[in-house]
Amino acid sequence: MSRTYRDPIHKEIQLDSEDKAENLIIALIDTKEMQRLRWIRQLGTGWFTFHGAEASRFPHSLGTMHVARLMFEKLTKEMDLEPALKEEYKALVLSSALLHDLGHAPFSHSSEAINNIKHEIWTEKIIASPETEVNQVLEGFEPGFSQKVISVLKKTYPVKFLSSIVNSQLDCDRFDYLLRDSFHTGTAYGNFDLTRVINSITVNPLYDCLVVSGEKGMLAVEDYLYARYSMYMQVYQHKKCLASDSLLLKLFKRVKFRRLLLEMDLNLQM
(Lines give C-alpha, C1' and ligand atoms only; values in the text may rest on other atoms or scores of the structure.)
Protein backbone atom coordinates (compact mmCIF):
# COMPACT_ATOMS: atom_id res chain seq x y z
CA MET A 1 0.00 0.00 0.00
CA SER A 2 1.37 3.40 -0.96
CA ARG A 3 0.72 6.82 0.48
CA THR A 4 0.87 10.00 -1.59
CA TYR A 5 1.23 13.57 -0.34
CA ARG A 6 0.43 16.31 -2.83
CA ASP A 7 3.08 18.96 -2.31
CA PRO A 8 3.22 22.47 -3.85
CA ILE A 9 7.00 22.25 -4.27
CA HIS A 10 7.75 18.61 -5.13
CA LYS A 11 4.31 17.76 -6.61
CA GLU A 12 3.94 14.15 -5.41
CA ILE A 13 5.73 12.64 -2.42
CA GLN A 14 5.04 8.91 -2.54
CA LEU A 15 5.80 6.35 0.16
CA ASP A 16 5.59 2.60 -0.33
CA SER A 17 4.77 0.50 2.74
CA GLU A 18 6.41 -2.51 1.07
CA ASP A 19 9.73 -0.69 1.38
CA LYS A 20 11.05 -1.21 4.93
CA ALA A 21 12.54 2.27 5.27
CA GLU A 22 9.51 4.03 3.80
CA ASN A 23 7.15 2.02 5.98
CA LEU A 24 9.09 3.36 8.96
CA ILE A 25 8.59 6.90 7.64
CA ILE A 26 4.84 6.32 7.35
CA ALA A 27 4.73 5.18 10.98
CA LEU A 28 6.77 8.20 12.10
CA ILE A 29 4.53 10.63 10.21
CA ASP A 30 1.51 9.29 12.08
CA THR A 31 3.01 9.92 15.54
CA LYS A 32 1.54 12.73 17.62
CA GLU A 33 4.95 14.45 17.82
CA MET A 34 5.11 14.74 14.03
CA GLN A 35 1.46 15.73 13.71
CA ARG A 36 2.09 18.57 16.20
CA LEU A 37 4.22 20.26 13.54
CA ARG A 38 1.05 21.01 11.57
CA TRP A 39 0.41 23.83 14.05
CA ILE A 40 3.94 25.30 14.07
CA ARG A 41 4.41 28.06 11.50
CA GLN A 42 7.47 27.62 9.33
CA LEU A 43 8.35 31.33 9.19
CA GLY A 44 7.45 32.36 12.72
CA THR A 45 5.89 35.84 12.62
CA GLY A 46 6.74 36.21 8.93
CA TRP A 47 3.06 36.20 7.92
CA PHE A 48 2.77 39.77 9.22
CA THR A 49 5.09 40.82 6.39
CA PHE A 50 4.35 38.15 3.76
CA HIS A 51 0.66 37.27 4.11
CA GLY A 52 1.07 33.96 2.28
CA ALA A 53 3.64 32.65 4.76
CA GLU A 54 1.13 30.49 6.61
CA ALA A 55 2.78 27.11 5.92
CA SER A 56 3.71 24.86 8.83
CA ARG A 57 6.76 22.80 9.73
CA PHE A 58 4.91 19.62 8.74
CA PRO A 59 5.10 19.99 4.92
CA HIS A 60 8.67 21.25 5.24
CA SER A 61 9.60 18.08 7.16
CA LEU A 62 8.00 15.91 4.47
CA GLY A 63 9.75 17.88 1.75
CA THR A 64 13.10 17.59 3.52
CA MET A 65 12.65 13.82 3.76
CA HIS A 66 11.76 13.67 0.07
CA VAL A 67 14.86 15.64 -0.96
CA ALA A 68 17.00 13.44 1.31
CA ARG A 69 15.67 10.39 -0.53
CA LEU A 70 16.54 11.92 -3.91
CA MET A 71 20.05 12.73 -2.69
CA PHE A 72 20.55 9.31 -1.11
CA GLU A 73 19.42 7.40 -4.21
CA LYS A 74 21.69 9.48 -6.43
CA LEU A 75 24.75 9.12 -4.20
CA THR A 76 24.38 5.40 -3.47
CA LYS A 77 24.15 4.57 -7.19
CA GLU A 78 27.86 5.31 -7.30
CA MET A 79 28.65 3.07 -4.31
CA ASP A 80 29.03 -0.66 -3.97
CA LEU A 81 26.80 -1.11 -0.92
CA GLU A 82 25.32 -4.39 0.26
CA PRO A 83 21.49 -4.35 0.00
CA ALA A 84 21.00 -4.76 3.76
CA LEU A 85 23.43 -1.92 4.51
CA LYS A 86 21.83 0.33 1.92
CA GLU A 87 18.41 -0.37 3.46
CA GLU A 88 19.67 0.55 6.94
CA TYR A 89 21.33 3.73 5.68
CA LYS A 90 18.17 4.72 3.82
CA ALA A 91 16.00 4.29 6.93
CA LEU A 92 18.52 6.28 8.95
CA VAL A 93 18.79 9.19 6.50
CA LEU A 94 15.06 9.47 5.83
CA SER A 95 14.19 9.30 9.54
CA SER A 96 16.78 11.93 10.43
CA ALA A 97 15.58 14.25 7.67
CA LEU A 98 11.93 13.84 8.62
CA LEU A 99 12.53 14.45 12.33
CA HIS A 100 15.14 17.22 12.12
CA ASP A 101 12.67 19.98 13.15
CA LEU A 102 10.70 17.97 15.70
CA GLY A 103 11.66 20.22 18.61
CA HIS A 104 10.41 23.51 17.19
CA ALA A 105 8.18 25.54 19.51
CA PRO A 106 5.34 27.82 18.33
CA PHE A 107 6.64 30.62 16.06
CA SER A 108 9.64 28.40 15.19
CA HIS A 109 12.94 30.31 15.33
CA SER A 110 11.17 33.43 16.57
CA SER A 111 10.51 31.75 19.92
CA GLU A 112 14.05 30.46 20.52
CA ALA A 113 15.10 33.78 22.05
CA ILE A 114 12.08 33.58 24.35
CA ASN A 115 12.77 30.04 25.55
CA ASN A 116 16.55 30.55 25.42
CA ILE A 117 17.00 27.05 24.04
CA LYS A 118 17.66 25.80 20.52
CA HIS A 119 15.13 23.55 18.82
CA GLU A 120 17.87 20.99 18.14
CA ILE A 121 18.09 20.29 21.88
CA TRP A 122 14.37 19.61 22.14
CA THR A 123 14.51 17.46 18.99
CA GLU A 124 17.11 15.21 20.60
CA LYS A 125 15.10 14.99 23.83
CA ILE A 126 11.91 14.00 21.99
CA ILE A 127 13.69 11.34 19.93
CA ALA A 128 15.53 9.93 22.95
CA SER A 129 12.60 9.87 25.40
CA PRO A 130 10.98 6.41 25.79
CA GLU A 131 7.69 8.18 26.53
CA THR A 132 7.31 9.58 23.00
CA GLU A 133 5.63 7.79 20.12
CA VAL A 134 8.55 8.72 17.87
CA ASN A 135 11.01 6.92 20.14
CA GLN A 136 8.76 3.86 20.37
CA VAL A 137 8.46 3.64 16.58
CA LEU A 138 12.23 3.99 16.10
CA GLU A 139 13.05 1.42 18.79
CA GLY A 140 10.42 -0.92 17.35
CA PHE A 141 12.18 -0.71 14.02
CA GLU A 142 15.54 -1.60 15.56
CA PRO A 143 16.74 -1.43 19.20
CA GLY A 144 19.06 1.56 19.57
CA PHE A 145 17.89 3.13 16.31
CA SER A 146 16.80 6.36 18.02
CA GLN A 147 20.37 6.98 19.17
CA LYS A 148 21.61 6.39 15.63
CA VAL A 149 19.20 9.05 14.37
CA ILE A 150 20.45 11.47 17.03
CA SER A 151 24.06 10.78 16.05
CA VAL A 152 23.26 11.59 12.41
CA LEU A 153 21.65 14.87 13.46
CA LYS A 154 24.61 15.71 15.72
CA LYS A 155 27.07 14.72 12.95
CA THR A 156 28.76 12.08 15.12
CA TYR A 157 27.66 9.03 13.11
CA PRO A 158 30.73 7.22 11.73
CA VAL A 159 29.43 7.27 8.13
CA LYS A 160 29.82 11.01 7.64
CA PHE A 161 28.15 11.47 4.26
CA LEU A 162 24.81 10.44 5.81
CA SER A 163 24.99 13.40 8.18
CA SER A 164 26.06 15.63 5.28
CA ILE A 165 22.81 14.84 3.47
CA VAL A 166 20.84 16.07 6.50
CA ASN A 167 23.11 18.78 7.89
CA SER A 168 25.74 20.55 5.78
CA GLN A 169 26.08 23.47 3.38
CA LEU A 170 24.48 21.27 0.70
CA ASP A 171 21.74 19.52 2.66
CA CYS A 172 18.13 18.50 2.14
CA ASP A 173 16.90 20.96 4.78
CA ARG A 174 18.27 24.06 3.06
CA PHE A 175 17.25 22.80 -0.37
CA ASP A 176 13.63 22.42 0.71
CA TYR A 177 13.14 25.50 2.86
CA LEU A 178 14.56 27.89 0.26
CA LEU A 179 12.16 26.69 -2.44
CA ARG A 180 9.24 26.36 -0.02
CA ASP A 181 9.70 29.73 1.71
CA SER A 182 10.14 31.47 -1.61
CA PHE A 183 6.88 29.95 -2.84
CA HIS A 184 4.83 30.85 0.23
CA THR A 185 6.20 34.39 0.53
CA GLY A 186 5.38 35.09 -3.11
CA THR A 187 9.00 35.87 -3.93
CA ALA A 188 11.46 34.39 -6.42
CA TYR A 189 14.62 34.93 -4.40
CA GLY A 190 14.95 31.31 -3.22
CA ASN A 191 14.48 29.58 -6.56
CA PHE A 192 17.30 27.42 -7.92
CA ASP A 193 17.73 24.25 -10.01
CA LEU A 194 17.36 21.51 -7.39
CA THR A 195 17.69 18.66 -9.90
CA ARG A 196 20.93 20.04 -11.34
CA VAL A 197 22.42 20.57 -7.88
CA ILE A 198 21.57 17.03 -6.73
CA ASN A 199 22.95 15.54 -9.95
CA SER A 200 26.20 17.47 -9.49
CA ILE A 201 27.02 16.31 -5.95
CA THR A 202 28.99 13.20 -5.13
CA VAL A 203 30.77 11.65 -2.15
CA ASN A 204 34.49 12.21 -1.72
CA PRO A 205 35.69 8.74 -0.63
CA LEU A 206 38.78 10.13 1.08
CA TYR A 207 36.95 12.50 3.44
CA ASP A 208 33.50 10.83 3.30
CA CYS A 209 31.77 14.15 2.58
CA LEU A 210 29.72 15.74 -0.19
CA VAL A 211 31.51 17.58 -2.98
CA VAL A 212 30.49 19.17 -6.29
CA SER A 213 31.71 17.82 -9.61
CA GLY A 214 31.79 19.51 -13.01
CA GLU A 215 31.68 23.12 -14.15
CA LYS A 216 27.92 23.06 -14.75
CA GLY A 217 27.43 21.65 -11.26
CA MET A 218 29.52 24.47 -9.81
CA LEU A 219 27.35 27.06 -11.56
CA ALA A 220 24.18 25.42 -10.21
CA VAL A 221 25.57 25.41 -6.67
CA GLU A 222 26.65 29.06 -6.99
CA ASP A 223 23.08 29.86 -8.04
CA TYR A 224 21.78 27.99 -4.95
CA LEU A 225 24.19 29.86 -2.66
CA TYR A 226 23.09 33.20 -4.07
CA ALA A 227 19.45 32.18 -3.66
CA ARG A 228 20.14 31.47 0.01
CA TYR A 229 21.88 34.83 0.43
CA SER A 230 18.99 36.62 -1.26
CA MET A 231 16.38 34.93 0.95
CA TYR A 232 18.21 36.00 4.08
CA MET A 233 18.58 39.57 2.86
CA GLN A 234 15.08 39.99 1.39
CA VAL A 235 12.91 37.70 3.55
CA TYR A 236 14.42 36.28 6.74
CA GLN A 237 16.16 39.56 7.66
CA HIS A 238 13.40 41.82 6.35
CA LYS A 239 13.06 44.81 8.68
CA LYS A 240 9.37 44.11 9.34
CA CYS A 241 10.09 40.46 10.16
CA LEU A 242 12.81 41.53 12.59
CA ALA A 243 10.44 44.10 14.11
CA SER A 244 7.63 41.56 14.66
CA ASP A 245 10.10 39.12 16.24
CA SER A 246 11.30 41.89 18.55
CA LEU A 247 7.73 42.76 19.57
CA LEU A 248 6.98 39.09 20.28
CA LEU A 249 10.05 38.85 22.53
CA LYS A 250 9.10 42.03 24.39
CA LEU A 251 5.55 40.75 24.86
CA PHE A 252 6.76 37.59 26.58
CA LYS A 253 9.26 39.54 28.67
CA ARG A 254 6.43 41.76 29.89
CA VAL A 255 4.29 38.72 30.76
CA LYS A 256 7.17 37.19 32.73
CA PHE A 257 7.78 40.48 34.55
CA ARG A 258 4.10 40.91 35.50
CA ARG A 259 4.00 37.31 36.73
CA LEU A 260 7.08 37.98 38.87
CA LEU A 261 5.43 41.06 40.38
CA LEU A 262 2.29 39.05 41.10
CA GLU A 263 4.29 36.32 42.85
CA MET A 264 6.16 38.93 44.91
CA ASP A 265 2.87 40.55 45.94
CA LEU A 266 1.42 37.19 46.97
CA ASN A 267 4.51 36.41 49.06
CA LEU A 268 4.25 39.77 50.84
CA GLN A 269 0.58 39.13 51.66
CA MET A 270 1.47 35.76 53.17
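## Strands β1 and β2

In which sense do strand β1 and strand β2 pair, and over how many bridges? In this predicted model, strand β1 (residues 2-7) and strand β2 (residues 11-16) pair in the antiparallel sense, over six bridges.

One of the residues involved is Ser2, whose bridge partner in β2 is Asp16. The link from β1 to β2 is a hairpin, made through three residues.

## Aromatic pairs

Nine aromatic pairs turn up when the whole structure is searched. The pair of Tyr226 and Tyr229 has ring centres 5.9 Å apart and planes at 40 degrees, so this pair is tilted.

Helix α12 (residues 215-236) holds both Tyr226 and Tyr229. Tyr226 and Tyr229 are three residues apart, which is about one turn of the helix.

How accessible are these two residues, Tyr226 and Tyr229? Tyr226 has a relative accessibility of 55% and therefore counts as exposed. Tyr229 has a relative accessible area of 47%, so Tyr229 is partly exposed. The cut-off for exposed is over 50%.

## An aromatic cluster and two charges over rings

Trp47, Phe48 and Phe107 make up one aromatic cluster. Over the ring of Trp47 sits the charged end of Arg41, 3.8 Å from the ring's centre.

Which ring does the charged end of Arg38 sit over? That ring belongs to Phe58, and the charged end of Arg38 is 3.9 Å from its centre.

Notes. Residues are numbered from 1 along each chain as its sequence is written. This is a predicted model: local features need pLDDT of at least 70, side-chain atom pairs count only at pLDDT 80 or more; totals for chains, interfaces and linings use all residues. Side-chain values use heavy atoms; hydrogens and water are left out. Two strands pair if DSSP finds at least two bridges between them. Helices (H or I, at least four residues) and strands (E, at least two) are DSSP runs, numbered from the N terminus. Rings of Phe, Tyr and Trp (its six-membered ring) pair if their centres lie within 6.5 Å; planes under 30 degrees apart count as stacked, over 60 as edge-to-face and the rest as tilted. Buried means under 20% relative accessible area, exposed over 50%, partly exposed in between (1.4 Å probe, protein chains only). A charge sits over a ring if NZ of Lys or CZ of Arg is within 6 Å of the ring centre and within 35 degrees of the ring normal.
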